[in-house]
Each structure stands twice: as C-alpha cells, then as structure tokens.
Amino acid sequence: MDFVQLSQAFLSYFSILLSILQCKVSVLSNLGRVFISFLDTMLSLNFRLCSMSPCTISLDDKTTMHFWTPNRRQLNKPTLVLIHGYGGNSRWQFFTQVWPLSRSFNLYVLDLLFFGKSYTNWTDRSEMFQARCIREGLKRLSVNNFSVVGISYRGYVTYRMAEIYQDEVEKVVIMSSGVCYTDDQKEKQLKKIGRNVFDLIMPEKAQDMRLFMNLCIYKSSPFKLIPNFFLTGFVQTICKKNRKEKLELAEHMLSQKADPNLPILTKVF
C-alpha cells in the first residue's frame, strides 16, 4: 500500500470515527435535555406533594407571573414568599426548602420575570419593576401581609419590596446578595472572577456552568461528579430560555452605581 492509499484509508477511518463521536455527542446532548425535563417534572411533583399548586396570573396585557401557592391557606400560619436567584427557576432553587417551610408557613414561591413561566413585554429591567410585579401578583392572590426571602440577585428585588411596601412586608431575609456593595468592592470582585461574568450567570457551555457552580457553592465537591451531558442539558433546557432578557437584567444590575443612601430596613430576621 503506497502513501496515497494509506492516507486515503486513514482519512476514511478518521471520518468514520468523527461521525461516531458526533453521534455520541448528539445522543448525550439529547439525553441531557430529556433528563433535565424529567427532573423538572419531578420537581413540580415535589411541590405538589407539599400541598402546593401552580398558578399563572395576568397582571396586564403584557405581563404574566407564575406562582406556586398553598392549596389551602391556613389562618394560624404566617405567610412567606420565596424569591429565587439566577440559578434556574423557583423549582430548581427551592426544591429542598419547600417541604419543611410549607409545614410552618403559607408558602408562595414565584418565578421572576423571564424565569420559568413568568414573562413581560415591557422593557423595564429594574429591580423596582420586578418588585411591583410581585406585589401586584400577590394582591391578585389576596395576600396582604407577608415575610419575604430573597437570594443572590433577587436580594436586590427583595430589598426594594421591603423599601416600597413597608406596611405589607413583615420580615425580610436576604442571602448571598451584594445589596450593600460599594463600587470598588464590586469592581474588585468582578476582577477576581477573571472571566466575563455574563458567560457565567447565563452559561452557554457545560464548562461555564460548572465554574459558576464552583463560585456559588461553598463546598462544591459533590457537584464535580456531575457529568457534562447533564450540565449541557440544563444549559439548553433552562438557561437558554429568554436568555436575551435575562442578560439585560444582569446588565442593568451591574451598571447601577452603589447607592450611599440606601434606606435602613428594620424588619429583618
């Protein structure tokens, strides 16, 4: 066999190998999406087992908000509203908390605008707008007084809710949020990450999703075992939905200058 024939044979085998690998990648990618969709269904079942039901409310002709609400409100229980962060929607963020919290509270868990089933055609990307939409949704559900918990970016929304609706908000919990960051602290933290932050909070690749998890979770060792096809499925199924609008939310938040005159909240746990 001369060099030309050998080269042709090598290219032929190499082409077959690439086709097999591409098929494998495609199968794994599809498997990831199927697995994430299955888990999403199981998470919804988890909420239902906690005596909660989904509810989508039209606030106006441009805005809808999705809530998980208690099947039966109990007057002897206080009301608690949970506001998720950037890591998916309400079901993914609070799946381990709904069971214990629903035992002690009338629990309302919402999808913020552009996450889950909540959406708006208005162009306002501010935390104030999100806060007003949440309050309007709760009014439609006949919720007048409540405590609120917000995590990550949604800590900003939670803070604004407590600021605007002081008579309705009873107690406030804000976790892992940079509400009180100075401009210098924010810039230092962004430089420390060493990456385009938008690639991490709205990842398009499994590697970026993994890095985002490592940054967000204090002890992330167990998550290192999660295969890439699972992360790819999550990115394609959850993160890509309304990606443009979610990026606009993040851009608005990061472009804001620190407010040296933030109002002092007195209703905190």
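Colleague: What percentage of the 269 residues of the protein chain count as buried?

Modeller: This is a predicted model, in which local features need pLDDT of at least 70 and side-chain atom pairs count only at pLDDT 80 or more, while totals for chains, interfaces and linings use all residues. Residues are numbered from 1 along each chain as its sequence is written, and side-chain values use heavy atoms, with hydrogens and water left out. Buried means under 20% relative accessible area, exposed means over 50%, and partly exposed lies in between, with a 1.4 Å probe and protein chains only. Of the 269 residues of the protein chain, the share that counts as buried is 41%.

Colleague: How many helices and strands does the secondary structure of the protein chain come to?

Modeller: Helices (H or I, at least four residues) and strands (E, at least two) are DSSP runs, numbered from the N terminus. Counted in this way, the protein chain has 10 helices and 7 strands.

Colleague: How are helix H8 and helix H9 oriented where their axes come within 8 Å?

Modeller: Axes are lines fitted to C-alpha atoms, for helices over the stretch in contact, and angles run from 0 to 180 degrees between N-to-C directions. The axes of H8 (residues 206-216) and H9 (residues 228-239) cross at roughly 90°. Angles under 35 degrees count as roughly parallel, over 145 as roughly antiparallel, 65 to 115 as roughly perpendicular and the rest as oblique. H8 is therefore, relative to H9, roughly perpendicular.

Colleague: Which residues in H8 meet H9?

Modeller: Contact means heavy atoms within 4.5 Å. On the H9 side the partners are Asn228, Leu231, Thr232, Phe234, Val235 and Cys239, and in H8 they are Ala206, Met209, Arg210 and Met213.

Colleague: Is threonine 158 buried or exposed?

Modeller: Threonine 158 has its place in helix H5. Leaving aside neighbours within four places in sequence, threonine 158 is in contact with Ile83, Val148, Val149, Gly150, Val172, Val173 and Ile174. Because its relative accessible area is 0%, threonine 158 is buried.

Colleague: What distance separates the C-alpha atoms of arginine 160 and phenylalanine 129?

Modeller: Arginine 160 also lies in helix H5, and with a relative accessible area of 19% arginine 160 is buried. Apart from neighbours within four places in sequence, arginine 160 is in contact with Glu127, Met128, Ala131, Asp259 and Leu262. Phenylalanine 129 is 31 residues apart from arginine 160 along the chain, and their C-alpha atoms are separated by 9.4 Å.

Colleague: What is the phi of serine 51?

Modeller: Most residues other than glycine have a negative phi. Serine 51, in the loop between helix H1 (3-49) and strand E1 (52-58), counts as partly exposed at 39% relative accessibility. Its phi is positive although the residue is other than glycine, with a value near 60°.
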